[in-house]
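Trainee: Could you take me through this model feature by feature, giving the general idea before the particular case?

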Amino acid sequence: MDSFLLCLILTFAIALGGREQLIIAQFSENPGQTPPLLATGVFCAVLSAGLMAYAGAHIAAILPPRAADMLVAFALAAAALELAWPVKVKAMKEPTRSYIAIGAVVFVRQVGDAARFVIFAFAAEAVYPTTALIGGAIGGAAAVGLGWAIGLGRLQKFPLRAFRIALAVCAFLAALVIGLNARYTFL
């Protein structure tokens, strides 16, 4: 239950201001909020959460316990790096309004983003990685739904850059503590 709740909250918080949320928000403003656009974003969030949870659980299963802890530290460090990287979304124009093309772009952006690295880390460390998968999928879908609902103009009014930097510092500190603990086992 802990991995479900923590993964849900962290995935939602980390996805705020992320590239995939801004892409969905941008497309929801142009012709309007269409249900297929929301369904595409939610489907991509669930699919990417499933992929990262599966990868985290199966890679950690073949590693010794201390190496699996170091894997979690590396995943959190990658999440911190991605959170600290500035998010710039170019003005996109999809002439055909192909939801498959939009979904492909959103899915590729989600697989390498910080929220999915956190899902990977929780699934690698969880006793039941399915709980991390479900929590991450719901959190990611909620973040995409929020971007779809409020649009890019209103989303950019929030201080998301400062929030992402603060989360990057927290993720880096967590990676540092977990990595040192895996190496020296002092905690």
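**Cysteines, fold and selected residues**

Mentor: The structure holds 0 disulfides, a disulfide being a pair of cysteine sulfur atoms within 2.5 Å. Cys 44 is in no disulfide, and the nearest cysteine sulfur, that of Cys 7, is 18 Å away. This is a predicted model, in which local features need pLDDT of at least 70 and side-chain atom pairs count only at pLDDT 80 or more, while totals for chains, interfaces and linings use all residues. Residues are numbered from 1 along each chain as its sequence is written, and side-chain values use heavy atoms, with hydrogens and water left out.

Trainee: Is Cys 44 buried or exposed?

Mentor: Buried means under 20% relative accessible area, exposed over 50%, and partly exposed in between, with a 1.4 Å probe and protein chains only. Cys 44 has a relative accessible area of 5% and is therefore buried. Across the chain, 45% of the 187 residues count as buried.

Trainee: How many helices and strands are there in the chain?

Mentor: Helices (H or I, at least four residues) and strands (E, at least two) are DSSP runs, numbered from the N terminus. The chain has 8 helices and 0 strands, so that its elements, read from the N terminus on, run α-α-α-α-α-α-α-α.

Trainee: What radius of gyration does the chain have, and what would a compact globule have?

Mentor: The radius of gyration is taken over C-alpha atoms, and the globule rule is 2.2 Å times the number of residues to the power 0.38. For 187 residues a compact globule would have a radius near 16 Å, and the 17 Å of the chain agrees with this. Taken along the principal axes, the C-alpha atoms fill a box of roughly 55 × 30 × 25 Å.

Trainee: Which residues account for the contacts in the chain with a separation of 6 or more?

Mentor: Contact means heavy atoms within 4.5 Å. Of the contacts in the chain with a separation of 6 or more, 91% come from residues 24 or more positions apart.

Trainee: Where is Gln 21 placed, and what is it in contact with?

Mentor: Gln 21 belongs to helix H2 (residues 19-29), and it counts as buried because its relative accessibility is 0%. Leaving aside neighbours within four places in sequence, Gln 21 is in contact with Ala 15, Leu 16, Ala 143, Leu 146, Gly 147 and Leu 155.

Trainee: Where is Ala 45 found?

Mentor: Ala 45 is found in helix H3 (residues 35-61) and, at 0% relative accessibility, counts as buried. Not counting residues up to four places away in sequence, Ala 45 touches Gln 110, Arg 116, Gly 140 and Ala 141. From C-alpha to C-alpha, Ala 45 and Glu 20 are 9.1 Å apart in space, although 25 residues separate them in sequence.

Trainee: Which helix holds Asp 69, and where does Glu 82 lie?

Mentor: Asp 69 has its place in helix H4 (residues 65-84), and Glu 82 lies in helix H4. Asp 69 is partly exposed, with a relative accessible area of 22%, whereas Glu 82 is buried at 13%. Leaving aside neighbours within four places in sequence, Asp 69 is in contact with Glu 125, Ile 178 and Ala 182, while the contacts of Glu 82, on that basis, include Arg 19 and Arg 164.
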